[in-house]
Amino acid sequence: MTTVEPRRTRTAEPRDRVAADETVGITMTVNGTEATVTVPPRAHLGDVLREQLGLTGTHLGCEHGVCGMCTVLVDGEAARACLLFAVQCEGAEIVTVEGLGTPEDQHPLQQAFSAHHALQCGFCTPGMLMSSYDLLSNTPEVESEELPEQMSGVLCRCTGYRGILAAVDDVRQRHPDGVPGPRACGARTLVGRGTGGGSGAGAPAEEVPAAALAQEVRLPSGPPSAVVEVTSALRQPVERVWAVLDDFDLLARCLPGARLTEVLDGDRYRGRAVVALGPVKLSFDGLAQVVERDPAAHRLRFHAQGADAGGSATQADVVLAAEAGPDGGTVLTAHADVHLTGRVAQFGRALAGDVSRRLFEQFATSVDEAAETGSVTEPGRGAQLRLVLGTVRDTVGALVRRGVARVRTLRRR
């Protein structure tokens with residue numbers, strides 16, 4: 001656990017004048033990791049954190065320093081990332097919301113925000129968390145009645161602030177001597193979003209030491225982002241289908257965009273999965289662990305988790321069950337409780353569920369093929385396009401149906 005020292009004094013060597021069309025190399029410590037980036041002199045810190053270091057938890061709203069969405073800690077004090085030029089941060093220690101805590105080890109403020117329902121759309125939440133951390137770490141003696149004014153630097157359009165103030169007051173009472181320090185600051189790889197011009201600290205993702213990788217899957221205790229259940233009728237008999245489910249290497253190849261990279265002991269498997277939805281493409285490095293394997297019932301259960309360089313993470317509890325179907329075929333049921341965090345969570349529950357269902361439908365088709373031939377055809381670009389178009393069609397259709405139902409209700413009035 002790393003504690004951010006408040007009001008740290010920092011001095012930087014003066015720089016020569018830089019032309020507007022030139023770039024500058026700067027080095028700063030972000031969430032405990034030293035990062036060197038090359039930036040235009042007018043690039044603000046918020047853009048550099050998001051685009052060059054992949055830390056998209058810092059949200060940009062007004063970009064005039066009014067809304068407070070982009071609040072981060074700079075040398076232990078809250079600052080607007082949209083008002084700071086990145087070149088001003090040479091040698092600075094910066095903490096973003098990603099450094100505050102993880103899904104497996106949440107900071108007390110994150111736990112309190114969840115317990116008090118202190119977020120709805122979630123857009124202001126990173127700013128609220130970092131602002132409240134700054135308040136409680138630098139002014140632990142603040143009184144409850146002062147919180148509305150002290151927290152007024154971040155705007156929220158959803159909650160009415162009651163849950164937010166209750167969460168902050170809860171942590172204030174539990175930690176009268178000051179809030180605990182950030183829990184997720186440490187050496188890690190920081191990789192941007194493909195915009196170029198910068199480099200993070202550490203080795204590339206493919207060369208991360210094994211000791212730094214997760215050794216077990218930990219599922220969040222809260223409700224899932226989406227619950228998905230897909231039932232598919234397969235042509236092949238149940239014993240052949242089970243042979244595919246019982247071979248995790250072949251099973252992984254049936255999952256669209258997934259491949260196995262390492263087999264570990266304890267029925268654990270490392271792999272990589274690529275999920276594309278329109279312009280958004282996420283590459284997850286993850287770990288799967290089989291927790292139940294029942295050949296008699298043709299049932300397999302595994303837990304999986306993955307994270308990408310941009311701060312997105314997903315965990316899932318997956319159950320696959322096969323039973324004999326009509327005409328000698330198989331009925332395959334796939335059930336998954338899916339937890340999403342980071343950029344991928346901004347799709348929303350409905351869209352996340354639709355994408356997951358489409359993936360499982362493609363998975364069932366691949367399982368049927370593998371049961372027949374022993375191999376899987378790599379899905380082409382057309383399959384990805386059908387996933388996107390099918391998801392968009394379902395989402396638009398649902399919106400239209402809700403709109404029609406609302407119009408009919410209004411007409412009855």
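Visitor: What does Glu77 count as by relative accessibility?
Guide: Glu77 counts as partly exposed, because its relative accessibility is 31%. Buried means under 20% relative accessible area, exposed over 50%, and partly exposed in between, with a 1.4 Å probe and protein chains only.

Visitor: What kind of model is this, and how are residues numbered?
Guide: The model is predicted, with residues numbered from 1 along each chain as its sequence is written. Local features need pLDDT of at least 70 and side-chain atom pairs count only at pLDDT 80 or more, while totals for chains, interfaces and linings use all residues, and side-chain values use heavy atoms, with hydrogens and water left out.

Visitor: Back to Glu77. Which strand is it in?
Guide: Glu77 lies in β4, residues 77-80. Strands are DSSP runs of E with at least two residues, helices are runs of H or I with at least four, and both are numbered from the N terminus.

Visitor: How many helices and strands does the protein chain have?
Guide: It has 10 helices and 13 strands. Of its 413 residues, 44% count as buried.

Visitor: What share of the contacts join residues at least 24 apart?
Guide: The share is 63%, taken among contacts between residues at least 6 apart in sequence. Contact means heavy atoms within 4.5 Å.

Visitor: Let's talk helices. How many residues of α4 are buried?
Guide: In α4, 13 of the 14 residues are buried, which leaves the helix mostly covered. α4 runs over residues 125-138 and spans 20 Å from first C-alpha to last, close to the 20 Å expected at 1.5 Å a residue. The expected span is 1.5 Å times one less than the number of residues.

Visitor: At what angle does α3 cross α4?
Guide: Roughly 125 degrees, with the axes of α3 (residues 108-115) and α4 coming within 10 Å. Axes are lines fitted to C-alpha atoms, for helices over the stretch in contact, and angles run from 0 to 180 degrees between N-to-C directions. α3 and α4 are therefore oblique to each other. Angles under 35 degrees count as roughly parallel, over 145 as roughly antiparallel, 65 to 115 as roughly perpendicular, and the rest as oblique.

Visitor: Left-handed or right-handed?
Guide: The α3 and α4 crossing is right-handed. That term applies if the near helix is turned clockwise from the far one by less than a right angle, and left-handed if anticlockwise.

Visitor: Which residues meet there?
Guide: On the α3 side they are Leu109, Gln110 and Phe113. On the α4 side they are Thr125, Met128, Leu129, Ser132, Tyr133 and Leu136. By class, this contact of α3 with α4 has 6 nonpolar, 3 polar and no charged residues. Ala, Val, Leu, Ile, Met, Phe, Trp, Tyr, Cys and Pro count as nonpolar, Asp, Glu, Lys and Arg as charged, and the others, Gly among them, as polar.

Visitor: And α6, at what angle does it cross α4?
Guide: The axes of α4 and α6 (residues 162-174) cross at roughly 35 degrees and come within 11 Å. The crossing of α4 and α6 is right-handed. From α4, Met128, Ser132 and Leu136 make the contact, and from α6, Ile164, Val168, Val171 and Arg172. The classes in the contact of α4 with α6 are 5 nonpolar, 1 polar and 1 charged.

Visitor: Where is Thr102?
Guide: Thr102 sits in the loop between α2 (97-100) and α3. Thr102 counts as partly exposed, because its relative accessibility is 25%.

Visitor: What does it touch?
Guide: Thr102 touches Gln110 and Ala184, leaving out residues up to four places away in sequence. Thr102 and Ala184 are 82 residues apart along the chain, and their C-alpha atoms are separated by 6.3 Å.

Visitor: Why does each count as buried?
Guide: Asn31 counts as buried because its relative accessibility is 3%. His298 counts as buried because its relative accessibility is 12%.
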